[in-house]
Every structure is written in structure tokens, then in C-alpha cells.
Amino acid sequence: MKKQFLLFSVLLCFLACKKGVKKVVTVNKQEITVDTTSAEKKDLSDFRIFDLYSIENAGKYNIFVSMSDIYNDSLAIPEDIIHNQKTKTFAELKHFELTGTYREKLLKGTSLSETDTLFLYNYKDAKLQKFPIRDLKSVANLNLYTSEGEEISSYDYMIGFELNEPESSGLSVMDKTNNSLVHFGKESPFSGEKVVPIHWEKTSRDEFPLSFKNEKNLENTYLAKFQNLTYYLQDHKGEYGISKRQLAVVKDNKVIFEKTYTTAEGAEFSPLNFINNNEYNDWQWTGRLFKNKPLVVFGFVSESFGCPSITFLDSSYPDIYTNCDNRH
């Protein structure tokens, strides 16, 4: 009897933890299952991905990874720089190497060591480069919004690592930083697979696999194919244009993922690949960016005041926001 009661309790707990419902909708006479069941979110708080900067110093551009999103030590900059700034040239203030105790403080404050590696991954070309941290300069760069003659504080600096890339590679710094992300650690988290632009095309509104209460607000509908998946995107109009975009991903006649994108102050919808007739068709991307993790999508919203996010096509994974040191 106790055993039966225990089994019944476990079943109740399982049902309570899986919140959601299943329903069936018909799209062009084809039934598609919509499963809104959600699972507990996985903890990816220690899974940090960084963006790259192209920084100009003395007429030369360097590749720089800022750690200031996670490193906020008010004593990270030598006191001599701040206290005696009026006796220094702007070039001396703009960029300098952090050595000795200041490098040690950076490593400790970011939980890194000299034996860790900076993994630079170009997801467009599936190219992985490795840079041992012991071989990288730790540097401070004035942020792009600080002008010559202004009073400078330690907060005005971006602090991180400078990549020693050979100029003979034939690629510009911009080519090296585009479509690339960085991770620090012992092992690379990147899949080694190419991530590809999503190829949108317009389709009928009836194709979209989710139903809406207010169909008067619906605008264009788009679809794209990737492997055995079909991506649908539905525009909703608001007072000043498109107010939101809803993504639904279908596999084997089942909606396996859905997400709603909205805009806010400083954030706007990115142009859609192959739809907006712009010269670039590499805004939205999809593929397996990380090994042992679900497929991802990203590039739907352009942020002015924040950092871009990467979305897993699995509702049990939270979005990852890249550390981009976006400041104004």
C-alpha cells in the first residue's frame, strides 16, 4: 500500500511539473500538433559568450575582447592614470597594457587563469582559433564615447584581452570579428558546424501553425526550411508598424518551439534575410552553434542599448545574452 501511494505521489508531482497543454490545429488540411508543455529551465549562468571589438590605436586596429560586463573592480586601473591624467597625452590615456597586480586582479575577477584558453569561433565558416591566455596582453581601452579633454574615471575603460593576430593572414580586422564569438575556458563549447543564414520567403497567412484571437492585426507571414525543420514567422501590426513577430518551428507536423519577439526603446526588428531587398542577407541565423546543445536561432532584434541574445530551439534552455560591453 505504501509503495502504491509513493508511485501515485511521484506521478502527481510529474504532472504538476509539466505545465502546458497539447492541441491540434489544421494548416492547409494538414493537422499540426502544438505542444505548449514547458520544462524547468536549465541553468546556463556560467556559460558565458563574448563579442569582439575592433579597436583603433595609433593607426592600427586590434581585436579586443572586453571583460567589463563581468569584471567591475573600481581599482582595475592604475591610480597614476586617473590621478595624473592631465599630464598625459590622449594616446597614453586611450590604450595601455595592464601588467603585474592589475593583470592578476583581472584574472581573479573573471575566474580565469593563465592556463585557460580564448576560443574564437567564426560560425559562418566553422573556423575555430585558440589563443592561450598566457600569450595575450591584458589591456585597458577607453570606451568609444569618451573624447579627448574629458575628465576620465576608471568606469570609462573597457578592460580585457587583446588578440595578437598576424597581419599577414590576408584578412582585415573587420573580417576576423564579423560572425565570430568568444568563449574562455579549458575546452571549446562550439560545435564545429556552420551556422547558416535563414532563407525567408513569403507565404500564405493560412500556413502559420498557430491561431490568434485578433486576426485583424496580422501582417505578412514567412517561412524557411532548415534540415527537417520548417520555420514560420508571423508579423503583427501595431500603431507604428510591426509591433511583434511570432516564431513557430515545426518538425514532423508538430510545433516544437515558439517565441514572440517585440521591440522597445533602443531595440528594433532586424531586416529579414532575402525579404527586405537589402544588400545583406545575414541577419537571422540558425544551426548547431554549441556542441551537445540544441539548435539555435538569433538575429531577429537589433539592440542599441543592450546585447544580442541567442535562442535555443528548446524551451528548457534560457536565452544566452552575449557579453558585448554595450555602453553609451
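User: Is Glu56 buried, partly exposed or exposed?

Analyst: First, the ground rules. This is a predicted model, where local features need pLDDT of at least 70, side-chain atom pairs count only at pLDDT 80 or more, and totals for chains, interfaces and linings use all residues. Residues are numbered from 1 along each chain as its sequence is written, and side-chain values use heavy atoms, with hydrogens and water left out. Buried means under 20% relative accessible area, exposed over 50%, partly exposed in between (1.4 Å probe, protein chains only). Glu56 has 27% relative accessibility, so it is partly exposed.

User: Which residue forms a salt bridge with Glu56?

Analyst: Side chains of opposite charge can pair when their charged atoms come close. The term needs a side-chain nitrogen of Lys or Arg within 4 Å of a carboxyl oxygen of Asp or Glu. Lys94 is the partner of Glu56, with the closest N and O atoms 3.1 Å apart. Lys94 is partly exposed too, at 25%.

User: How many salt bridges does the structure hold?

Analyst: Eight. Among them is Asp116 with Lys186, at 2.9 Å from N to O. Asp116 is buried at 6%; Lys186 is exposed at 57%.

User: What about Arg245 and Asp235?

Analyst: They also form a salt bridge, with 2.6 Å between the closest N and O atoms. Arg245 is buried at 7% relative accessibility. Asp235 is buried as well, with a relative accessible area of 2%.
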